[in-house]
Amino acid sequence: MRRTVWISALALSLALPLAAQAAEFDYSWLEAGYTSIEADDGPDADGWALNGSAAIAPQVHVFGSYAGTELDGVNIDGDVMRLGLGWNTGIAEAHDLVVRANYLKVDTDFPGGDGDGYEAEVGLRSALGANFETYVAAGYADIDRGSGDLYGKLGAQYKFSPGWGLAATVTLADGANEYFIGPRLNF
C-alpha cells in the first residue's frame, strides 16, 4: 500500500510541470455517487455516498460526508459519517496545500461494529489544465475500537463546465480500501 501511494505521489510530482493554466479551486461543492469498501479480512460493502464542502473564509472550509452501505452477502447495513474543518493555501500557481481534520463515526447493525474516531490528512490539490484537477494526500485515521492506521488518498475531478464535474477518489489503507465515483456540483 505504501509503495502504491509513493509511486502515485512521484507520478503526480512529475506531472506538475505540465499544468497548463492557473485555476481557481472550488472549496464549495456537493457530490453524490457510488461508494465501495473492500475489506482485507471481512465482507466488502457498497452503496451510496453524499459528500460536501463549504468555504467559510478564503483559506478555510468545512466538509462532511455520509455513506450508506450494505455488506455483500449478508443483510447488515453500515453507515460512515464525517464532519471536519480544512485549511488551504496556494503554494504555486496551480497548486494548493490542504490540511484537513475530521470527526469520524461508524454505525453498523452488527453488534460491536460501531465506533467513533478522527482522521487527519495533508494533501496537494493541483490543476492540470482548465478541466482536470488531482488530489493526493497522506493521512491518519483512528477509531476507538481499534488501533490507528495511515492511509493514502488519490482523487481526481474532470470538469465538464465551471459548475459540473465528475469526481473519483480512492483511499488506500491497511485493512480496507474505499472507492467513490459520482457527479460534483461546484458553486
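I start with a definition: rings of Phe, Tyr and Trp (for Trp, its six-membered ring) pair if their centres lie within 6.5 Å, and planes under 30 degrees apart count as stacked, over 60 as edge-to-face and the rest as tilted. What you see is a predicted model, in which local features need pLDDT of at least 70 and side-chain atom pairs count only at pLDDT 80 or more, while totals for chains, interfaces and linings use all residues. Residues are numbered from 1 along each chain as its sequence is written, and side-chain values use heavy atoms, with hydrogens and water left out.

How many aromatic pairs does a search of the whole structure find? The search gives 3. One of them is W48 with Y66: the ring centres are 5.4 Å apart and the planes stand at 45°, so this pair is tilted. W48 sits in strand 2 (residues 45–57) and Y66 in strand 3 (residues 60–71), so to speak distant parts of the chain, 18 residues apart.

For accessibility, buried means under 20% relative accessible area, exposed over 50%, and partly exposed in between, with a 1.4 Å probe and protein chains only. W48 is at 47% and therefore counts as partly exposed. Y66, at 28%, also counts as partly exposed.

Another aromatic pair is Y158 with F160, which is edge-to-face, with 5.3 Å from centre to centre and 70° between the planes. Y158 is partly exposed at 38%, whereas F160 is exposed at 58%.

Next, charges over rings. The criterion is that NZ of Lys or CZ of Arg is within 6 Å of the ring centre and within 35 degrees of the ring normal. R125 lies over the face of Y27, 4.6 Å from the ring centre.

Now the overall fold. Two strands pair if DSSP finds at least two bridges between them. The 10 strands close into a barrel in the order 1-2-3-4-5-6-7-8-9-10, with antiparallel pairing. From one strand to the next the twist averages 20°; the axes behind that angle are lines fitted to C-alpha atoms (for helices, over the stretch in contact), and angles run from 0 to 180 degrees between N-to-C directions.

Which strand does strand 1 (residues 29–39) join through 9 bridges? The partner is strand 10, and the two run antiparallel. In this pairing E31 stands opposite R184 of strand 10. Strand 9 (residues 164–173) also pairs with strand 10 in the antiparallel sense, over 9 bridges, and there G165 stands opposite R184. Strands 9 and 10 form a hairpin with 2 residues between them, and G175 in the turn has a positive phi of about 110°.

Two residues belong to this region. N177 is in strand 10 (residues 176–186) and is buried, at 18% relative accessible area. Its side chain reaches the backbone nitrogen of A173 at 3.2 Å. That is a polar contact: a pair of N or O atoms within 3.5 Å where, within protein, one must be able to donate a hydrogen and the other to accept it, and residues adjacent in sequence count only if both atoms are side-chain atoms. Contact in general means heavy atoms within 4.5 Å. Leaving aside neighbours within four places in sequence, N177 is in contact with S36, I37, E38, T171 and L172.

E38 lies in strand 1 and is partly exposed, at 36%. Not counting residues up to four places away in sequence, E38 touches D44, G175, A176, N177 and Y179. E38 and E178 are 140 residues apart in sequence and 6.5 Å apart in space, C-alpha to C-alpha.

Last, strand 3. Strand 3 runs antiparallel to strand 4 (residues 77–92), joined by 11 bridges, with G68 opposite D79. T69, in strand 3, is buried at 9%.

Conventions:
Helix = DSSP H or I, 4+ residues; strand = E, 2+ residues; numbered from the N terminus.
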